[in-house]
Amino acid sequence: PALENFLNLCSIIGLEAIVECHTKNEVEAALGALAQNILVSNWDRVGGVLYDDQAEKLAGLFPGSGGPIISLAGGGIKTMEQVNKLLNVGYDGVVVGKAIMGNARAPEFIDAVRNRALLPAEFSGWGLGEYDIDMDGSVRVNAEGKPMKRKDFEF
């Protein structure tokens with residue numbers, strides 16, 4: 001009941017809340033409380049442990065990509081490969097923090113995330129995740145006509 005009360009209070013005063021979840025039970029509780037913005041974190045704050053694939057495992061709990069629930073993933077994201085994997089399994093966005101804070105390559109990473117066109121979530125699992133996709137949804141090809149693979153940025 002407390003989460004539902006907090007979400008209602010946010011609505012009353014004109015705020016949007018992001019509910020941070022770490023487990024299936026927490027995601028189900030957030031959905032049950034009608035949370036509209038949910039962040040699934042790979043970082044377990046209680047145990048101080050990073051579970052690299054936690055958000056990926058919980059991706060299927062949300063209604064389709066693009067709403068009505070905005071689903072975000074975060075915690076330990078350091079590469080474009082991780083960003084693409086999470087977006088390709090259906091998350092609407094990712095949250096990065098320490099990976100770019102104070103990092104000389106942060107602008108390059110941010111540009112790569114912003115400029116990354118994605119196929120709709122319905123196409124995830126079709127084996128296209130490693131290819132570079134144009135804004136119009138076409139696979140980019142090089143001068144030889146071969147599909148181009150995405151560049152990865154490691155921090």
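1. Basis. The structure is a predicted model, in which local features need pLDDT of at least 70 and side-chain atom pairs count only at pLDDT 80 or more, while totals for chains, interfaces and linings use all residues. Residues are numbered from 1 along each chain as its sequence is written, and side-chain values use heavy atoms, with hydrogens and water left out.

2. Fold. The protein chain has 5 helices and 6 strands, taken as DSSP runs numbered from the N terminus (helices H or I, at least four residues; strands E, at least two). Along the sequence these elements follow the pattern α-β-α-β-β-β-α-β-α-β-α. Of contacts (heavy atoms within 4.5 Å) between residues at least 6 apart in sequence, 47% join residues at least 24 apart.

3. Core. Buried residues (under 20% relative accessible area, 1.4 Å probe, protein chains only) make up 32% of the 155 residues in the chain. The largest nonpolar core has 25 residues, and those with the most contacts inside it are Ile38, Val40, Phe62 and Tyr91; such a core is a set of buried Ala, Val, Leu, Ile, Met, Phe, Trp, Tyr and Cys residues joined through side-chain atoms within 4.5 Å. Two or more residues each come from β1 (19-21), α2 (24-32), β2, α3 (54-58), α4 (80-88) and α5 (106-114), and the largest share, 4 residues, comes from α4. Leaving aside neighbours within four places in sequence, Val40 is in contact with residues including Cys21, Val27, Leu58, Phe62, Leu72 and Tyr91.

4. Asn42. Polar atoms of the Asn42 side chain lie 3.3 Å from the backbone nitrogen of Gln54 and 2.8 Å from the backbone nitrogen of Ala55. Not counting residues up to four places away in sequence, Asn42 touches Val49, Leu50, Tyr51, Asp52, Asp53, Gln54, Ala55, Gly74 and Gly75. Ala55 and Gly74 are also in contact with Val40.

5. Of the 16 residues that line the pocket, the closest to its centre are Trp43, Gly75, Gly76, Gly97 and Lys98. By class the lining has 7 nonpolar, 5 polar and 4 charged residues, where Gly counts among the polar ones.

Technical notes:
Polar contact = N/O pair within 3.5 Å; in protein donor to acceptor, adjacent residues only side chain to side chain. Buried < 20%, exposed > 50% of the residue type's maximum accessible area, 1.4 Å probe, protein only. 1 Å grid on protein atoms, 1.4 Å probe; cavity = no way out; pocket = protein on both sides within 12 Å on 5 of 7 lines; lining within 4 Å.
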